Amino acid sequence: MNTFYITTPIYYPNGPPHIGHAYTTVYADVLARFARLLEKDVFFLTGNDEHGLKIQRFAEKLGKTPKEVVDEMATVYRDYWLRLNISYDYFIRTTDSVHEKVVMDSFRKLYEKGYVYKDKYGGFYCVECEKYYLPGEYVEVEGKPYCPIHNKPLEYLEEETYYFKLSEFKDFLLQVLRNDKIVYPEEYSLEVTSRIEKEGLRDISIARPVERVSWGVKVPFDPSYVIYVWFDALLNYITGAGYATDPSRFEKYWVNVHHVVGKDILWFHTAVWFSILKALDIPLPKKVLVHAFLINKGLKIGKSAGNVISIDDLLSRYNGPDGVRYILSRVFNMSKDSEVSFELMDAIYNDELADTYGNLVRRVGALAMKKLKGKIYRREVDKKLNEQITLRLNTYLERMGNYDVPGAIIEIMELLREGNAYVNNTRPWEKEDPSKELYSLLELIRVSTITLAPVIPNAASKVAEEFGFRIENPARVQLGVLERYNIRNAPILFKKVMPQQST
C-alpha cells in the first residue's frame, strides 16, 4: 500500500501548545517523514478544534469573540509547528466552511437514517472535557462529583437534546475490537472491550441548546441547537482527506489512515468514532495509535495541573527543533506514562545527541579532513562493522514498521556507540592512510544519519551535505557502494547543555 494518511488529534486552542501537544505531534511527524523516506504518498493532517463551550468561555474571559480568539490561536499553533519542523500537509480548522458543511450533512444523514433522535437528558457535565459523566465514570471529592481528568467539580445540566443511537453498535464494536486489530497497542482495545462488556453502551447526546452553547455548528434542521463539539471534531479526519470536496482523493488516502491519539481520548476515537463511521457507511481507520501520558511532578502535564513545560523553553534549551524532537521521540511511550524533567531531558540530549552522534560525526569528519584532505574513496567495509550496521538497520526498519519510534532510535544509538568504540580501538589518527577505517565509519554515519532523518531532519540534512551523501530510502540502502565521500566540514551538531535540576 503506497499511501499513508496520518492524523494528530485536533487541539483545543484555549492557550498555546505546550510539551504535551508537541509530544503527540512530533511522533506523528516522525512517522510521516519515515513514510516519505520509504517513498510512500503521504498525507499528514493536524489542526485546531475551534468550537464548543470551552472556547466560548475562554473568549468571554478575554473580552473577545470566539472567532477572534480562534483566528489568533490558529496563527500561534501554526507558528509553533513551524518552529518544531512539523511537516503537515493540511492544517484543518473546524470553523472552515467546508468542514462545517461536512458536519451538518453528516448529522442530517444520520437523522434521516434513524440514528439520531430528540429526548431529554440530565447529568453531570465537564466543560473542560466537553462531555457528560455517568455514575461510575466520575470521582467523588468530599461527596461531590469531580472530573477524573481535570480534577474539577462537574456541573449538573438538564436539557432537551439530540441523541446518537450508540447503543445499537454494541455487537459491531465488540466484533471489531476483538478481531480487527485496529487499536494499537492491543491493550487499549481490550480496555474499551472490557468497558463495553461491563457497562454496555448508552446513547450519547450530540447537540447542545444555543442558549447554553452558542459557539458551534448549527443542527441543519433545528437551529436552536448546535452540534456537540466531539461529533464536530471527529469528522475533521474525513473532511481533511477530501470527503466532501474530492472523493477520489478521499478514497486514495482513507484506505490507510492512522490516527495518533492520547489514551484520554481513546473512548471517543474507538466506541464513538467507529460507530459514527459505520452509520455513515465509511470504512474504519487502518490504525488508531494510542500513547500514554507525559508526567511532570507526578501529574499528567496540562494547564489545569499547572505543570506545563513550554515549547519556547524546550527550543531555547535544546538549541532548536532537532534537540526537542529527539528528546520527545526518545521518551515516547505507548503503554506507560513517561515522567519528564529537565534533568532527564538534559541527560538524553547530552549523552545521545551531543556525545554519541554529534561526537562521532565531529571526530570522523575532522580526521578525514586532517589525514586525507576530506577525500575518502571506496574501500571494503570492516566485516564486524558491516554486520552491526546491517543488523541494526534491519531491526530499525522492523521497529519503525511497528510504530516503535523510541525502540528504533535506541537501535541506531547502539550502532553509533559501536562506531565510537571502533574509532577508539582502531586509532585511525595514528595511521598514515586510515582510508579503510574512515570509509567504514562514514558508512556507519551515513546509515545512522538516514535513519535518524525523520527525527532530526535539520542535523541529518547538514551531515549529508557536509559529507557528500544523500538521504535516501533506508530500506534500499546498500553498504560499500558509495565511490567517494567528500568531507567539506566537521560540524558541531549539538552543543551540550549545562545540566540543571528538575523544575
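Me: I'd like to learn to read a pocket. How many residues line the second largest pocket, and which of them lie nearest its centre?

Reply: Rolling a probe the size of a water molecule over the atoms shows where empty space is left. Here, 20 residues line the second largest pocket, and Tyr132, Leu134, Asp203, Ile204 and Trp267 lie nearest its centre. (On a 1 Å grid over the protein atoms alone, a pocket is an open set of points with protein on both sides within 12 Å along at least five of seven lines; a cavity is a set where a 1.4 Å probe fits but cannot get out; lining residues have an atom within 4 Å of a point.) This is a predicted model: local features need pLDDT of at least 70, side-chain atom pairs pLDDT 80 or more, while totals for chains, interfaces and linings use all residues. Residues are numbered from 1 along each chain, and side-chain values use heavy atoms, without hydrogens or water.

Me: Which helix or strand gives the largest share of that lining?

Reply: That is H10, with 3 residues. Strand E5 (131-133), helix H6 (186-199), strand E10 (204-205) and helix H10 (266-279) each supply at least two lining residues. (Helices, of at least four residues, and strands, of at least two, are DSSP runs numbered from the N terminus.) The volume of this pocket is about 330 Å³, counted as space filled by probe spheres set on grid points joined across faces, edges and corners.

Me: And how many cavities of 30 Å³ or more are there?

Reply: There are 3 of them. The largest cavity holds about 70 Å³ of space. Its lining has 14 residues, with Gly52, Val213, Ile227, Tyr228 and Val229 closest to the centre. Strand E13 (222-227) and helix H7 (229-234) each give at least two residues to this lining.

Me: How do I read paired strands, such as E4 and E8: how many bridges join them?

Reply: Strands pair if DSSP finds at least two bridges between them. E4 (residues 116-126) and E8 (residues 155-164) run antiparallel, joined by 10 bridges. Look for Val116, opposite Phe164 in E8. E4 is also antiparallel to E5, with 3 bridges, and here Phe124 stands opposite Tyr133. In the hairpin of E4 and E5, 4 residues separate the strands, and Glu130 takes a positive phi near 55°.

Me: What span should the 22 residues of helix H15 have?

Reply: The expected span is 1.5 Å times one less than the number of residues. For H15 (residues 405-426) that gives 32 Å, and because its end C-alpha atoms are 32 Å apart, the two agree. Just after H15, Arg427 takes a positive phi of about 45°.
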